[in-house]
Amino acid sequence: MIFKRILVVIFVLTAIPNGFVSVIYCQNDDSAIEEKINDLLGQMTLEEKVMQMNQRVYGTNANPNNIDLLEKEVEPEIGSLLYRSTSPIYRNQIQRKAVEDTRLGIPIIFGFDIIHGYRTIFPIPLAQACSWNTSLVQKASAIAAKESWLSGLDWTFSPMIDVARDPRWGRVSEGYGEDPYVNSEFCVATVNGYQGEKLSDKFTIAACLKHYVGYSLSEGGRDYVYSDVSSQTLWETFLPPYEAGIKAGAATVMSGFNDLSGIPVTANYYTLTEILKNRWKHDGFVISDWGSIRNLVDQGVAKDRKEAGYKAIMAGVEMDMVDDVYVENLPALVEEGKVPMEVIDEAVRRILRVKFQLGLFDQPYVDVVEETDRYLRPEYIAVAKNLAAESMVLLKNENDVLPIKPGMKNIAMIGPMLKDSVHIMGSWDGMGRSNDTESLYEGMLNEFGKIANLRYELGCDFDGNDTSGFKQAREISKNSDIVLLFLGEKKNWSGENASRASIALPEIQEQLVEILHKTGKPVVLILSSGRPLELIRLNKMADAIIEIWQPGTAGGSALAEILSGKINPSGKLAITFPQTTGQIPMHYNQRKSARPGIGHYQDIPVGPLFGFGHGLSYTDFDYGEITLSKEKIKKDEQLIAEITVGNNGSYDGKEAVLWFVADPIASISRPAKELKFFEKKQIQKGEEMIYKFVIEPMRDLSYVDGDGKRYLEAGDFYLEVGDKKVHFELID
Ligand code: NOJ
């Protein structure tokens, strides 16, 4: 054994060009990662350590919100690059410099925002949640990882799991809607898709849970402002998806921009160290958001960049995204004795751990393959299409106007979204290209071109006040059997720093609907947006409404096949559509009211327009009664609940069953009900399926307090599925 070790050392000594001493860390064998990290750390100077804690940008700035960008020459000692090139060759060249031309040969970790696909663009995450199909989302994430890895990436700044309670906030499009459990489940699916079985495998990339934490409750839905979150809500609503992601093995976490009830999250010891590291035992690293360390000065908790750096490192942020605050200030802070060397070592240890886990020391380079083998392969497009189809939500379908009947030969297609292939990709569309994206128009031509007369008019633009197209739109509508109106939001109306004070469509689009409604022809609204919309007026004028979100590369054929009936819609809302903007915040799991049902507005109904879980199908799914294995259970027993769902209509279809638990009386007031499980299954027409939910009391019936302590109280509970409800009791 000793002999073998000596041999390896001699080999590596001769293999390293700079001829440095201790070399355990670069042994290409199974030596434990921690041993390798210790060995490497022991050889690093303070400057080398601090460089590992720094991320800079390589490539062109594609995000206008990433302000003050300085393009710099790459220093090969850098810890990470935010890599905006698509070239695996440049990446390998840069990496070669890091590995071969630096004293210790530490590889760089290359990261980028891959939010819903790299070149094959999948529907936005909010849409993905409406599919209720986590295994499809896992597949999509694995494809995104493979396309990214082959483009030179090791790491994505995704998933975003900020539970969305205010649809004015532009970033609702990037997460999985209003429910903590749904965010948790899709977070796990995404992390598993990106990271695969082993991070060191080819084609896998490290995930980054963001933006830790409470960012989505920014006041008034305005981006970058503070979030006032009670500790109860923090633990009940905002932390659970992060905990789920950490348990699933997410390698990294990003601290957000927001101030959390007085302490910015980038300087928040409680969330970053106490919860994430001490309680949840996360052993990867935290990266700041873009410039969020220097933002501590703007937020008024640090007098200058140096103090900002001090606060961030002491709170538990290990890597500085593009700020250079750490490289500029940490060496002095250590020398002055303010930041202990152990803190720096611990930070570097975490960064190196992820690099070792990714296998970067053993295999620092990515494979270079032809672009045709890298991107948009037919099997990727098929997943993109299925996911787009499963995420579209049929909100309304009066008189079964959809699917379009064979007798409806004259189809009017109107609206600015029809021929677009830019906005339907959504914000954060990676390296997606509109040329690769099938427009809704192309989808319609393929599906209906040979069997119907398709006529097109623009009608109006997305916004503005040019009504000159209305007349022509009315003319072709009058002479058609059905009017399809393709409306919605441009892609930059949602995403980062893209909040809207009103979630209604611009007036011009509403006017167009009004005019076409007056033709008396059936009107179908096809809406593409990055958030729920205010549809209170449009709902009255439309016979059918389908929310297609921003469906990505293959949304055109997915929609067309839903309209023709080839695909039966199966999406359900993972976020509430309020009646009006003024109702915000509105989500299904609000806490119970003192006077149930009567704390209302004078001018609008009390409930939402389309609630969480709403979504229609072309077939009829009939739910039987919920059956329970027992009516009383002890705290350590499981309860098995089942419900039979029959497909009694004339289409095969998929049905997602959503299981809610209500805890009517507890020591603290609880949400009226909470989603605890969901499952989607295919049911052929004339057949039925049994859906089963195994209730684990500690997991499904307990609640947390404002410091994360879990309580399981005996008493009455209700289980709800659709309009079915059963009672059971938890006993001591
Ligand atoms: C700022 C955004 O908030 C974050 O989500 C993103 O990952 C970084 N910019 C990098 O682009």
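Guide: Begin with a strand. This is a predicted model. In general, side chains in a regular strand alternate between the two faces of the sheet. Now take strand β6, residues 252–255. Thr252 and Met254 point one way, while Val253 and Ser255 point the other way.

Visitor: Are these residues of β6 buried or exposed?

Guide: All of them are buried.

Visitor: Which strands pair with β6, and in what sense?

Guide: Look for bridges to each partner. Strand β5 (residues 208–212) pairs with β6 in the parallel sense, over 3 bridges. Strand β9 (residues 285–287) is also joined to β6 by 3 bridges, and these two run parallel.

Visitor: How do I read a whole sheet?

Guide: Write down the strand order, then look at the pairing.

Visitor: In what sense do β26 and β27 pair?

Guide: Strand β26 (residues 715–721) and strand β27 (residues 724–731) are antiparallel, with 7 bridges between them. Phe717 stands opposite Phe728 in β27.

Visitor: Let us turn to helices. At what angle do α16 and α21 cross?

Guide: Picture each helix as an axis. The axes of α16 (residues 378–391) and α21 (residues 555–564) cross at roughly 50° and come within 8 Å. Because of that angle, α16 is oblique to α21. The crossing is right-handed.

Visitor: Which residues meet where α16 and α21 touch?

Guide: From α16 come Lys385, Ala388 and Ala389. From α21 come Gly555, Ser557, Ala558, Glu561 and Ile562. Sorted by class, this contact has 4 nonpolar, 2 polar and 2 charged residues.

Visitor: Which residues of helix α19 are buried?

Guide: Go along the helix, residues 507–517. Ile508, Gln509, Glu510, Leu512, Val513, Ile515 and Leu516 are buried.

Visitor: What covers the buried residues of α19?

Guide: The cover includes three strands, β12 (410–414), β14 (482–488) and β15 (523–528). It also includes helices α18 (470–478) and α20 (538–541).

Visitor: Now for single residues. Where is Ser131 placed?

Guide: Ser131 is in helix α5, residues 125–131. Ser131 is buried, because its relative accessible area is 0%. Leaving out residues up to four places away in sequence, Ser131 touches Val137, Phe186, Leu387, Glu390, Ser391 and Lys680.

Visitor: Why does Met431 count as buried?

Guide: Use the cut-off: buried means under 20% relative accessible area. Met431 has 18% relative accessibility, so Met431 counts as buried. Met431 lies in the loop between β12 and α17 (440–448).

Visitor: What does Met431 touch?

Guide: Leave out residues up to four places away in sequence. Then Met431 touches Arg84, Ser85, Thr86, Phe112, Tyr118 and Arg119. Now compare the chain with space. Met431 and Gly117 are 314 residues apart along the chain, yet their C-alpha atoms are separated by 8.2 Å.

Note on methods: Residues are numbered from 1 along each chain as its sequence is written. This is a predicted model: local features need pLDDT of at least 70, side-chain atom pairs count only at pLDDT 80 or more; totals for chains, interfaces and linings use all residues. Side-chain values use heavy atoms; hydrogens and water are left out. Axes are lines fitted to C-alpha atoms, for helices over the stretch in contact, and angles run from 0 to 180 degrees between N-to-C directions. Helices (H or I, at least four residues) and strands (E, at least two) are DSSP runs, numbered from the N terminus. Angles under 35 degrees count as roughly parallel, over 145 as roughly antiparallel, 65 to 115 as roughly perpendicular and the rest as oblique. A crossing is left-handed if the near helix is turned anticlockwise from the far one by less than a right angle, and right-handed if clockwise. Contact means heavy atoms within 4.5 Å. Ala, Val, Leu, Ile, Met, Phe, Trp, Tyr, Cys and Pro count as nonpolar, Asp, Glu, Lys and Arg as charged, and the others, Gly among them, as polar. Two strands pair if DSSP finds at least two bridges between them. Buried means under 20% relative accessible area, exposed over 50%, partly exposed in between (1.4 Å probe, protein chains only).
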